[in-house]
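Hi,

Here is the structure I said I would pass on.

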Amino acid sequence: MDRRNFFKKSILAGVAAGAAMTLGNFSKVVAGKIPPPNSNPGSNPGSQGPYDLVAVKDGEPVQMFDKAIESLGGMKNFVKKNQTVVVKPNIGWDTSPERGANTNPDLIRHIIQQCYSAGAKTVYVFDNTCDNWSKCYENSGIQKAVRDAGGKLVPANSECNYQQVEIKNGKKLKQTKVHELILSSDVFINVPVLKCHGSTVITAAMKNHMGIVWDRGYWHRNDLNQCIADFAAYRKPDLNVIDAYRVMTKRGPRGVSEDDVVLMKSLLLSRDIVAADAAAAKLFGTEPEKVTYIKLAHDAGLGSMDLTKLSINRIKM
Amino acid sequence: MQLIFLKKIRVVVSLIFFIFTIFIFVDFTGLVTTRLIRAILYLQFIPSFLKFITTLFIASAGFLCILLLTSFFGRVYCSTVCPLGTLQDIFIWVSKKFRSIKRVKFTKPNNLVRYTILGILVLIFCISSLFLVNLLDPYSLAGKIFSELLRPLVYLGNNILSRILQMFDSYAVYSVPIKVFSWPPVLFSLAFMVLIVFLAVYKGRWYCNNLCPVGTLLGIFSRFSVFKIKMDENACTSCGLCAKECKAGCIDIKEKEVDFSRCVACFDCFKACPEEGIGYKYQLRKRIISDKEPDPSRRDFFKTTLLGTAAILSSKTLLGGKKEQQPVSAVPVTPPGSVSIWHYTSKCTACHLCVSACPTKVLQPTLMEFGWNGMFQPKMNYHAEYCNFECVKCSEVCPTGAILPITKEQKSTLQIGTSKFIKNLCIVVTKHTACGACSEHCPTKAVEMVPYLGDLLIPRVDEKICVGCGACEYACPVKPDKAIYVEANPYHRKALKPKKKVEGTKKVIKPTDDFPF
């Protein structure tokens, strides 16, 4: 990695003059747009719906999302006119939608359309993928979905698009490089897919953040569960939409075949990332406290995994 | 004799070959189809010869077309198909524009040098080693220049464009990582590039008539060409313009002779001659007459051949014995389709087309990891990336048959190596924290997580279903030595298909009728 950095930097330096100046200007432009961590420009305090969590069952992804967002007051509560939105699906793997390793493309298409209907200026979509990014984007069906809806699909494969940020109160994760669109966009909508995970039991909303940072290896090296919880304190999404339509119940998070997938036909919606993950754990058939990072985030006061104390709208279609 | 048009045709044809060859080496968008790559490289002499003897498939016998063409019109290959030839021509052309450099003078042929090189190369080849071919084949040298020098520059230009477009909120152009994992191949290409530019500017086609094995071999064939370039003794005024123009330095103006074995068929002399006193002549009859006299250069060739045979046969036993004893762990992983490390090293000319074409860039050039036989050959470098489970690109593009074509279906159970887990380096053991990066990335779940201490899970490898793609090794976050790595299969094997049903540890989750909360 160091050598790669060195090579990249020395080449960039070598380009000198013109290019260097334009690049310099660019980073200033971006720097000016960075909001302070956890300022949530997308939501205003008065607009919070009556529910902490909405859970929908037995519908198609698009219809379930419509029902759920309606009960939170509609997309207008989350996206204001002329705001920039970043929709972050899980596009980690070079597999087809049927394998359930990536977020449902129909859902992504619909969310982007809803953002534009609410007046969004631009809707960006990206993921720092595990498999080769262009193959992931294409074979997950998300590339087509984003283009259909008029969103901007952004490659996240270049370190120069990531900026170093400090994580206040991080126990293990003190600083990390975050994609500039997360920093510069007004609204952040987190749209993970619920899957089983070899070492963290499940992956859903909080773990989806691993696709907005550059160096995942650091997290793996330095107490994965703690790092996931630490980062959840940095920038909470304005809305979490957990796709639990096709749920990978074994051999996750990549899966080997369609045999690993169960049709659960569910969807979860919440502003509270910990509550969303806790409900996802329940759907998956496990207790939230068994998922270490959910418990760590709950204990750190980043949200509530105690579903009995939340107002939940349960919708069966 | 109105043959001036031949030069124009030659220039156009050579540029078509050259531009497309460059294009297939620098493309990163997947725009270049396999069919185009195969068409463009069909006539490349050494790759097509190697592919032919590997597959015995007549459709890959482009080299026979070249031999046929040579036996009619001489070394047409050298000024049209050969990318290194055109590269030199470009530098010769540019140098002519910018400064007056002494033209290449007629010299006696360096028969000892060129036939010795060819002879040794043929003999080494007979013991199925490509040593010297990997250093001298003109196509592969040009390939290395395109792949190791030009490609990063193209990527860099693309990345700058990408950054500029991003300022205007456009993500239409994406950046491509420029990674170098082994500098020697880059430095070698750079050094060779400097050398070839110097030679081209000051010595014309010196490389082609002294070091190039293809040039020398085709030179032998062109001695017997049906048509040869000759000077018309009646028309010639000995003005010397043709010799001045000749970049191969093969026109002897005093004797009014053309050394056709060194002529690269560029046809520049046709254009230079004001009297139309030089051109192709039917030579079949003359050849038979001259054949009766012993040819000193040919005698040199046979002499060196005999000497070389003795030398190499005596060393063959030594080399052969060594090969068998190579420790398995020491060999690099070869790409899927390459059958075995021996098949691969004895067929790969290190043109680096697979390195250019590989979408993930797991294929990276090496220096000496494959030994002298395999200098600069690419290996699966799992510190750079890992092999995409669904991709067979390298097997499709390889022009020499070192990587034979395979289907995705074949690849899904092709085991090029197996994962080895080193427990005492694993994060789970050393730090007692969760990780599982290796298992996450595994496409067949050959690496799966099993209970360790408390809630902690630890990787376990099922080698039978491992394909050796290196995803686990790449993903492993342990530094500096990874806790999981792929050990090469010297002979590629067949892996079992991943299990359909997973029994045991994880309970089966069924969707409930009601909300569980």
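**What I found**

Let me start with chain B, which has 23 helices and ten strands; helices (H or I, at least four residues) and strands (E, at least two) are DSSP runs, numbered from the N terminus. Before you read on, bear in mind that this is a predicted model, where local features need pLDDT of at least 70, side-chain atom pairs count only at pLDDT 80 or more, and totals for chains, interfaces and linings use all residues. As for labels, residues are numbered from 1 along each chain as its sequence is written, while chains are lettered from A and ligands numbered from 1 in the order in which they are written.

Back to chain B: 47% of its 517 residues count as buried. Buried here means that 20 or more other C-beta atoms lie within 10 Å of the residue's own (exposed is 12 or fewer, partly exposed in between), with C-beta atoms placed from the backbone. Of the contacts in chain B with a separation of 6 or more, 74% come from residues 24 or more positions apart. Two residues are in contact if their C-beta atoms, placed from the backbone, lie within 7 Å.

Asp89(B) is buried because 25 other C-beta atoms lie within 10 Å. Apart from neighbours within four places in sequence, Asp89(B) is in contact with Ser14(B), Ser79(B) and Cys266(B). Asp481(B) is 392 residues away from Asp89(B) along the chain, and their C-alpha atoms are separated by 48 Å.

Now chain A. Its mean pLDDT (the predictor's confidence in each residue, from 0 to 100) is 88, and 85% of the residues reach 70 or more. Watch residues 10–48 of chain A, though, where pLDDT stays under 50. For that stretch the model has 31 contacts beyond four places in sequence.

Gly92(A) sits in the loop between strand E2 (84–89) and helix H4 (105–117) of chain A. Is Gly92(A) buried or exposed? It is buried, because 28 other C-beta atoms are within 10 Å. Gly92(A) and Asp131(A) are 39 residues apart in sequence but 6.4 Å apart in space, C-alpha to C-alpha.

Finally, where the chains meet, 50 residues of chain A are in contact with 44 residues of chain B.

Cheers
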